[in-house]
Amino acid sequence: MDENRIYKTTNYGLFKLKFGNRPIDAGHVNKLRRSMSKEFIKTPITVNKKMEICDGQHRFTAIKALGLPIFYRVSTENLDTIRTMNQNNKNWTFDDYLASFVALESRQDGNIGPYTQFNVFKKQTKLPNAVCLAMLKGNKSKTATTDFKNGKFEIPPGQFSVATKQAKMIMEVGDYYDGYKKAKFIMAMLSLFQDEQFSFKKFIKKLSMNRNKLYHCVNTLDYIDAIERLYNWGNATKVKFRRYHA
């Protein structure tokens, strides 16, 4: 087939969804259907030589539902290019990238990949993506999100177990503080976990005795200040926690 030619068909069975592409967003499909019902713009989808849809799976799904003709072109682009192409249409979300890489890892033999581990950790903890990323990386790298989207995400040896233990402690805080899943609070806790002066057992005991001393804060440093005051409450000797960048 000619890459420069636009083809037309109503044989929807010719096409396949590309394995490893982002999941279909039903809301986006419905939005496209409403728009196409008013005015059908013949924007072609892109497929590879196997007739797998590389770009335009949402458009294809909407067009198929409406019974309209599919306009398509054939390309040799790979999945990495698909992700880049989609940035010009409906941007991929963090969860889109996650689902894509998890799907690709599912085809690999051997050990569970880092994206699958991330997905397991996220489902177990129900914590925000940014928090899961920081916990599994063990730091707050400026390039962590970019590396994640580029397929370069890695979990340092032993860090999954560390993060799981930390997550359990953070969940325990939820018995006394309803903001325990706030990203800024968790980042403060990750900072404190690195401080040898900090005892989680002592902290949770103080919190259980006087939970109103832990309140919502606007940033991580304010949370550390609040936790420090609670931690020192009733103590003759006060501790000063170091401020790490978790």
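Modeller: A residue is buried when its relative accessible area is under 20%, exposed when over 50%, and partly exposed in between (1.4 Å probe, protein chains only). This is a predicted model, in which local features need pLDDT of at least 70 and side-chain atom pairs count only at pLDDT 80 or more, while totals for chains, interfaces and linings use all residues. Residues are numbered from 1 along each chain as its sequence is written, and side-chain values use heavy atoms, with hydrogens and water left out.

Colleague: What makes α6 mostly covered?

Modeller: Seven of the nine residues of α6 are buried. They are Asn 129, Val 131, Cys 132, Leu 133, Ala 134, Met 135 and Leu 136. Helices here are DSSP runs of H or I with at least four residues, strands are E runs of at least two, and both are numbered from the N terminus.

Colleague: What do the buried residues of α6 pack against?

Modeller: They pack against α4, α5, α7, α8 and α9, where contact means heavy atoms within 4.5 Å. After α6 comes Gly 138, with a positive phi near 80°.

Colleague: Why are α5 and α8 called roughly parallel?

Modeller: Helix α5 (residues 114-125) and helix α8 (residues 159-173) pack at about 10°, with axes 11 Å apart. Angles under 35 degrees count as roughly parallel, and α5 and α8 are therefore roughly parallel to each other. From α5, Gln 117, Phe 121 and Thr 125 make the contact, while α8 brings Phe 160, Ala 163, Thr 164, Ala 167 and Met 171.

Colleague: Which residues have the most contacts inside the largest nonpolar core?

Modeller: Met 135, Phe 185 and Phe 203 do, in a core of 48 residues. Such a core is a set of buried Ala, Val, Leu, Ile, Met, Phe, Trp, Tyr and Cys residues joined through side-chain atoms within 4.5 Å. The elements giving it two or more residues include α4 (94-105), α6 (129-137) and α11 (220-232), and α9 gives the most, seven residues. Leaving aside neighbours within four places in sequence, Phe 185 touches Val 173, Tyr 177, Gly 179, Tyr 180, Leu 214, Tyr 223 and Ile 227. Apart from this core lies another, of 16 residues, among them Tyr 7, Leu 32, Ile 45 and Ile 63.

Colleague: What covers the buried residues of α2?

Modeller: The cover includes β2 (16-17), α1 (26-38), β3 (45-47), β4 (52-55) and β5 (70-74). In α2 (residues 57-66), the buried residues are Gln 57, His 58, Arg 59, Phe 60, Ala 62 and Ile 63. Just after α2, Gly 67 has a positive phi of about 75°.

Note on methods:
Axes fitted to C-alpha atoms, helices over the stretch in contact; angles between N-to-C directions. Parallel < 35°, antiparallel > 145°, perpendicular 65-115°, else oblique.
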